[in-house]
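Here are my notes on the model you sent. They are set out as numbered points and can be read beside the sequence and the coordinates.

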Amino acid sequence: MTLLNTVFYGRGYPGWRTSILLSLSAKKKLGFINGACQSPDLKSPDHEQWSCVNDIVISWILNALSKDIADSVIYSKTAKELWDSLKQRFRRSNGAKLYHPQKELSGLVQGNSDIAGYFTKLKQLWDELDTLNVIICCSCVCVCEGKGKLTKSLEDQRLIQFLMGLNDIYAQARGNLLMMNPLPTMDVAYSLLLQDENQIEFYANAHFNSDSLSFMAAGEAKQPNA
């Protein structure tokens, strides 16, 4: 009866919504929330089966909600009614949708996270913005290479944003990446920074072990002979 491992508490609705849609699509149950699978007539022999599956979809969605939110929609008669209620309540205007991820990005730095954790946070916000900006994507055939240049420009901007938020311990690696012409792809930069992180951890552990051995040796030297 569990559709997602994550529970929606009222924030991050676009990402949660996308996860629900993907999960329902994989189970071929999207029709119960988008209206494509209408309830058969009460006298139809298919009504009981439809009602059973509808209740299953409702249960899946309720289990992916916090208790407070789930209690507010628990009496929905259909999965579509429940889904529409959540959409009306948590859907924001386009300006608000764009504002919140941009605001989070503006203040996001590595802090106590490792490279992988920091990059994952950035990637989630970038993907959310890409989803919101899908209407500006161009599908025409371009012969002037304009689309490629715009794509590269966006990749460079995000690479610099990624590098700007790194801790100072990666200053040398950051400088080396910025000196490359053209700038490397995000995947290349990420791979190089992971190698740098592993080297830093290796030398830190080696130094710690060396200090520990020195401390133990000094302690043994101070012990009086029996």
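1. Helices, as the word is used here, are DSSP runs of H or I with at least four residues, numbered from the N terminus. On that basis Ile-160 is found in helix α8, which covers residues 146-164. The model is a predicted one.

2. Overall make-up. The protein has 10 helices and 0 strands, and its pattern along the sequence reads α-α-α-α-α-α-α-α-α-α. It has 226 residues, of which 28% count as buried. Among contacts with a separation of 6 or more, 58% are between residues 24 or more positions apart.

3. Helix α3. This helix has 17 residues. From first C-alpha to last it reaches 24 Å, close to the 24 Å expected at 1.5 Å a residue. Its buried residues are His-47, Trp-50, Val-53, Asn-54, Val-57, Ile-58, Trp-60, Ile-61 and Leu-62. Which elements cover them? The cover includes α1, α2 (31-34), α4 and α5 (79-90). As background, an α-helix has 3.6 residues a turn, so residues three or four places apart point the same way.

4. Ala-64 sits in the loop between α3 (47-63) and α4 (67-73). Is Ala-64 buried or exposed? Its relative accessible area is 0%, and because buried means under 20%, Ala-64 counts as buried. Leaving out residues up to four places away in sequence, Ala-64 touches Leu-4, Thr-6, Val-7, Phe-8, Trp-16 and Ile-20. For one of these, Leu-4, the C-alpha atom is separated from that of Ala-64 by 6.1 Å, although the two residues are 60 apart along the chain.

5. The structure holds 11 aromatic pairs. One of them joins Tyr-13 and Trp-16, with 6.2 Å centre to centre and 35° between the planes, a tilted arrangement. These two residues are 3 apart in helix α1 (residues 13-26), which means that about one helical turn separates them. Tyr-13 and Trp-16 are both buried. They also belong to one aromatic cluster, together with Phe-8, Trp-83 and Phe-90.

6. Aromatic pair between α7 and α10. Phe-119 and Tyr-190 form a further tilted pair, at 4.8 Å centre to centre and 40° between the planes. What does this pair tie together? Phe-119 lies in helix α7 (residues 115-132) and Tyr-190 in helix α10 (residues 186-222), so the pair links parts that are 71 residues apart in sequence. The two partners fall on either side of the 20% limit for burial: Phe-119, at 14% relative accessibility, counts as buried, whereas Tyr-190, at 22%, counts as partly exposed.

7. Nonpolar surface patch. Which residues make the nonpolar surface patch of about 300 Å²? They are Ile-160, Met-164 and Leu-178. Ile-160, the α8 residue of point 1, has a relative accessible area of 35% and is therefore partly exposed.

Key. Residues are numbered from 1 along each chain as its sequence is written. This is a predicted model: local features need pLDDT of at least 70, side-chain atom pairs count only at pLDDT 80 or more; totals for chains, interfaces and linings use all residues. Side-chain values use heavy atoms; hydrogens and water are left out. Rings of Phe, Tyr and Trp (its six-membered ring) pair if their centres lie within 6.5 Å; planes under 30 degrees apart count as stacked, over 60 as edge-to-face and the rest as tilted. Buried means under 20% relative accessible area, exposed over 50%, partly exposed in between (1.4 Å probe, protein chains only). Contact means heavy atoms within 4.5 Å. Patches are made of residues with over 30% relative accessible area and no salt bridge: like charges are joined within 9 Å, nonpolar side chains (Val, Leu, Ile, Met, Phe, Trp, Tyr) within 5 Å. Accessible areas come from the Shrake-Rupley method with a 1.4 Å probe; for residues, only the protein chains shown count as cover. A salt bridge is a side-chain nitrogen of Lys or Arg within 4 Å of a carboxyl oxygen of Asp or Glu. The expected span of a helix is 1.5 Å times one less than its number of residues.
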